[in-house]
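Subject: Structure handover

Hello,

Here is the structure I said I would pass on. My notes on what was found in it follow below.

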Amino acid sequence: MTASKLTRPSIEYKESFLAAMVEYHKEGHYLYNDLEYLNNNFEEYVKLLSKDRGHPHQPHPEWVENVPETVAWFVKDNEYLGTVDVRHRLNWHLEKWGGHIHFILRPSMRGKGFGKRMLQKAIPIANYLGIEKALLTVAPENKAAIRTVEACGGEYEDTLVATNRFPTRARYWINCT
Ligand SMILES: CC(C)(COP(=O)(O)OP(=O)(O)OC[C@H]1O[C@@H](n2cnc3c(N)ncnc32)[C@H](O)[C@@H]1OP(=O)(O)O)[C@@H](O)C(=O)NCCC(=O)NCCS
């Protein structure tokens, strides 16, 4: 049994990552990722994720400035458990929806304390990238995410009401210094 850690995406986690992606799809996450394509082009996919390039699922690329994003995978016992995306800075869209840090745990591994551990480990990455205070935006009904953010020191700022472009989001700041 090995300790959990955050690491750069790697082909060694292919099997568990693809199994997790099936679970993510079932709950409506990452639907833009085609399973067959990932299976056939995993090495290329991992290389792309490791480039600190912009958010791959930018909802409005035509009117939102792209920002660099570092992707880390949360792994334990050589298995993929979750993903953390750290955006190096905010654009006006991420200020309202998205924030600096996005995190997601494989559904079958939730409720065991891993989400909290994963987010805690993301804070030094944000710090390393020069982020002193990280913004996290969460749907107000997402109790698990809110508890996770609060457990990692998140301080509530406000709740932005939905517009035709943005869903309602509660905004929290985590001190990364
Ligand atoms: C948010 C998420 C990462 C939490 O992961 P997890 O491993 O289930 O969380 P943990 O087991 O570490 O629990 C963290 C806290 O949430 C609470 N919690 C967990 N599941 C819960 C649930 N379904 N309802 C209410 N609280 C819950 C835990 O009790 C714990 O709180 P505590 O510190 O007061 O005891 C996971 O639910 C997830 O991936 N959700 C989908 C993606 C998402 O919403 N990401 C956040 C968007 S920024």
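**Arg87 and its strand**

Arg87 sits in strand S3 (residues 79–87); helices (H or I, at least four residues) and strands (E, at least two) are DSSP runs, numbered from the N terminus. This is a predicted model, in which local features need pLDDT of at least 70 and side-chain atom pairs count only at pLDDT 80 or more, while totals for chains, interfaces and linings use all residues. Residues are numbered from 1 along each chain as its sequence is written, and side-chain values use heavy atoms, with hydrogens and water left out.

Is Arg87 buried or exposed? Arg87 counts as buried because its relative accessibility is 4%. Buried means under 20% relative accessible area, exposed means over 50%, and partly exposed is in between (1.4 Å probe, protein chains only). The side chain of Arg87 reaches the backbone oxygen of Gly99 at 3.4 Å. That is a polar contact: a pair of N or O atoms within 3.5 Å, where within protein one must be able to donate a hydrogen and the other to accept it, and residues adjacent in sequence count only if both atoms are side-chain atoms.

Eight of the nine residues of S3 are buried, so S3 is largely enclosed by the rest of the structure.

**The four-stranded sheet**

S3 belongs to an open sheet of four strands in the order S1-S2-S3-S4, with antiparallel pairing. Two strands pair if DSSP finds at least two bridges between them. At the edges are strand S1 (5–7) and strand S4 (101–105), each of which pairs on one side only. Neighbouring strands of this sheet are turned by 25 degrees against each other on average, direction ignored. Axes are lines fitted to C-alpha atoms, for helices over the stretch in contact, and angles run from 0 to 180 degrees between N-to-C directions.

The pairings, going across the sheet:

- S1 and S2 are antiparallel and share three bridges; Leu6 stands opposite Phe74 in S2.
- S2 and S3 are antiparallel and share eight bridges. Glu69 has Arg87 as its bridge partner in S3, and Lys76 stands opposite Glu79 in S3.
- S3 and S4 run antiparallel and are joined by five bridges. Asp85 has His102 as its bridge partner in S4, and Val84 stands opposite Phe103 in S4.

The hairpin of S2 and S3 has two residues between the strands, and Asp77 in this hairpin takes a positive phi near 50 degrees.

How many residues of S2 are buried? Eight of its eight residues are, and S2 is mostly covered. In a regular strand the side chains alternate between the two faces of the sheet. In S2, Glu69, Val71, Trp73 and Val75 point one way, Thr70, Ala72, Phe74 and Lys76 point the other way, and all are buried.

H1 lies across S2, S3 and S4 and runs at about 70 degrees to S3.

In helix H3 (residues 42–49), the residues Phe42, Tyr45, Val46 and Leu49 are buried. Seen down the axis of H3, these buried residues fall within an arc of 95 degrees, so they line one face of the helix. The arc is that of the directions from the helix axis to the C-beta atoms. An α-helix has 3.6 residues a turn, so residues three or four places apart point the same way. The cover over the buried residues of H3 includes helix H1 (14–26), helix H2 (35–40) and strand S2 (69–76); contact means heavy atoms within 4.5 Å.

Ala134 is in strand S5 (residues 133–138). Ala134 counts as buried because its relative accessibility is 0%. Apart from neighbours within four places in sequence, Ala134 is in contact with His100, Ile101, Tyr172, Trp173, Ile174 and Cys176.

Three strands form an open sheet in the order S5-S7-S6, with antiparallel pairing. S5 and strand S6 (155–160) stand at the edges with a single partner strand each, so one side of each has no neighbour in the sheet. S5 and strand S7 (residues 169–175) pair in the antiparallel sense over six bridges, and Ile174 in S7 is the bridge partner of Ala134.

**The ligand**

Of the 18 residues around the ligand, Phe103, Gly113, Lys116, Asn142 and Arg147 come nearest; a residue is near a molecule or strand if one of its heavy atoms lies within 4 Å of it. A polar side-chain atom of Arg147 lies 2.6 Å from an oxygen atom of the ligand.

Regards
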